[in-house]
Amino acid sequence: MKSYLVTGAAGFIGSNYLKYLLTRYDDVQVVALDLLTYAGYLGTIADDIDSERCFFVRGDIGDRALADRLFAEYKFDTVVNFAAESHVDRSIENPQLFLETNILGTQNLLDAARRAWVTGRDADGRPTWRAGVRFHQVSTDEVYGSLGEEGFFTEQTPLAPHSPYSASKASADMIVCAYRDTYGMPVSITRCSNNYGPYQFPEKLIPLVINNILEGKKIPVYGRGDNVRDWLYVEDHCKAIDLVVTQGAPGCIYNVGGHNERRNLQIVETIIRTVRRLMEEEPARRTLLKRQETGPDGLPRIDWIDESLISFVKDRLGHDLRYGIDPTKITNDLGWRPETDFETGIEKTIRWNLDNHAWVEAVSGTDYQNYYEKMYAGR
Ligand code: NAD
Ligand code: TYD
């Protein structure tokens, strides 16, 4: 039985990874550690928690006593650290929280792992490590900064983050590498491009657009919608992390992305078209729409679901123009390739959001409404 600590397991990617891990392996035991901030929802993983293979602990990755207690009790072999403050716009409003969680929280976990996993010293005084242990840091392509119209991020691209979020993630990566280089800690890092899929919090572009259409609200597009992101279906990311954790050499860093670049405006237009088509094909779905004006056919109208919903708003400060990942290393070394193409993935994601509107409503309560009012009011 392998013992995992998965942090941030009630968030978007962490919950998808937790489900993937429990489905893929019979011989793993997992502690899901999550502080349940606004972005973490226990309901997402309620069905995965049991008394044998998956235990939930509500707590802060920055809590030293808690981390030591969990390492002592569960004898983790593997830590996969997803826990983070993850939204760029929020990092522009409150950078300090990002530094505390993303940098100091990661460093606290690294220290707890070091205390638990170091078995002694070799003749040269270097720490010796328990066999088979691994600390995996889930990072982002945003640590590389922004690309122009050409080129891709490779693992050799210098770190040049711009936002407080990406600066905090780059700092965490450097601390992880410092523990590798100083103490010989068996670590790995994956730097992935933008994810989309089930259970993504509606502050992020794709679920925000779907949700705003259902709410009958305008769709805020920053600047002219020209910024480019490289989108990856979340399950493909989870598979990449699993490969790196189980087969990647200790100390390795891998970029993860599927050559799936789209301008934001293209993404928004695709979602508008797809939501409208799904509502045409399956009229029962129209009950989800807040706007319930009946058309001549006696059904709620959907002719307003078009590009007129788009509202170009004030740009994000320091908005990175383009991200694009070169995934050659993970493909050559570990045989990873994305399995879900964008057209399939975006339709699955939209269908998921429509089929699971109760989940969306549960996570977008008053706090989210207040956030939305504040974040978008002056734009
Ligand atoms: P998310 O915001 O959906 O989830 C983050 C989770 O961490 C939440 O459940 C939250 O409650 C938890 N958390 C926050 N602070 C915590 C703390 N102090 N202690 C314990 N738990 C805490 O984020 P996500 O999109 O799932 O991202 C997960 C990780 O993947 C992050 O490290 C992020 O930087 C990275 N990443 C995200 C993307 C993306 O497109 N979303 C892409 C590449 C990398
Ligand atoms: P986001 O989902 O916040 O991810 P990230 O900033 O980590 O890439 O944003 C994706 C892109 O969409 C980014 O270029 C900013 C843009 N965007 C909008 O145009 N409008 C919005 O309301 C949001 C949330 C994002």
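**Figure 1. Asn260 in a loop.** Asn260 sits in the loop between strand 13 (253–256) and strand 14 (261–263); helices (H or I, at least four residues) and strands (E, at least two) are DSSP runs, numbered from the N terminus. The model is predicted: local features need pLDDT of at least 70, side-chain atom pairs count only at pLDDT 80 or more, and totals for chains, interfaces and linings use all residues. Residues are numbered from 1 along each chain as its sequence is written, chains are lettered from A and ligands numbered from 1 in the order in which they are written, and side-chain values use heavy atoms, with hydrogens and water left out. Asn260 counts as buried because its relative accessibility is 9% (buried means under 20% relative accessible area, exposed over 50%, partly exposed in between, with a 1.4 Å probe and protein chains only). The side chains of Asn260 and Arg262 make a polar contact of 2.8 Å. A polar contact is a pair of N or O atoms within 3.5 Å; within protein, one must be able to donate a hydrogen and the other to accept it, and residues adjacent in sequence count only if both atoms are side-chain atoms. Neighbours within four places in sequence aside, Asn260 is in contact (heavy atoms within 4.5 Å) with Arg229, Asp230, Trp231 and Phe342.

**Figure 2. The surroundings of ligand 2.** Ligand 2 is surrounded by 17 residues, and the closest are Glu142, Arg229, Arg316, His319 and Tyr376; a residue is near a molecule or strand if one of its heavy atoms lies within 4 Å of it. A nitrogen atom of ligand 2 is 2.9 Å from a backbone N or O atom of Pro220. On its own ligand 2 has 510 Å² of accessible area, of which the protein covers 97%; accessible areas come from the Shrake-Rupley method with a 1.4 Å probe, and for residues only the protein chains shown count as cover. Helix 6 and strand 10 (219–222) are the elements that give two or more residues to this shell, and strand 10 gives the most, with three. By class, the shell has seven nonpolar, five polar and five charged residues. Here Ala, Val, Leu, Ile, Met, Phe, Trp, Tyr, Cys and Pro count as nonpolar, Asp, Glu, Lys and Arg as charged, and the others, Gly among them, as polar.

**Figure 3. The surroundings of ligand 1.** The shell around ligand 1 holds 28 residues, with Ile13, Asp34, Ser86, Tyr165 and Lys169 the closest. A polar side-chain atom of Lys169 lies 2.6 Å from an oxygen atom of the ligand. Backbone atoms also take part: a backbone N or O atom of Gly11 is 3.0 Å from an oxygen atom of ligand 1, and a polar backbone atom of Phe12 is 3.0 Å from an oxygen atom of ligand 1. Taken alone, ligand 1 exposes 840 Å², and the protein buries 96% of that. Helix 1 (12–24), strand 7 (134–140) and helix 5 (164–183) are the elements that give two or more residues to the shell. Strand 7 gives the most, with three residues. The shell divides into 13 nonpolar, 12 polar and three charged residues.

**Figure 4. Glu85 in its loop.** Glu85 lies in the loop between strand 4 (78–81) and helix 3 (88–93). Glu85 counts as buried because its relative accessibility is 7%. The C-alpha atoms of Glu85 and Phe98 are separated by 5.6 Å, although the two are 13 residues apart along the chain. Leaving aside neighbours within four places in sequence, the contacts of Glu85 are Thr37, Tyr38, Leu97, Phe98, Thr101, Asn102 and Tyr165.

**Figure 5. Nonpolar cores.** In the largest nonpolar core, of 29 residues, Leu5, Phe71, Trp117, Phe135 and Met185 touch the most other members. A nonpolar core is a set of buried Ala, Val, Leu, Ile, Met, Phe, Trp, Tyr and Cys residues joined through side-chain atoms within 4.5 Å. Not counting residues up to four places away in sequence, Leu5 touches Val31, Leu33, Phe71, Phe76, Thr78, Val79, Val80 and Leu109. A second, separate core of 27 residues includes Tyr196, Ile210, Ile267 and Ile350.

**Figure 6. Loop residues with positive phi.** Lys75 has a phi near 50°, a positive value in a residue other than glycine. Lys75 is in the loop between helix 2 and strand 4, and is exposed, with a relative accessible area of 53%. Tyr199, also not a glycine, has a positive phi of about 70°; Tyr199 is found in the loop between strand 9 (195–196) and helix 6 (205–215).
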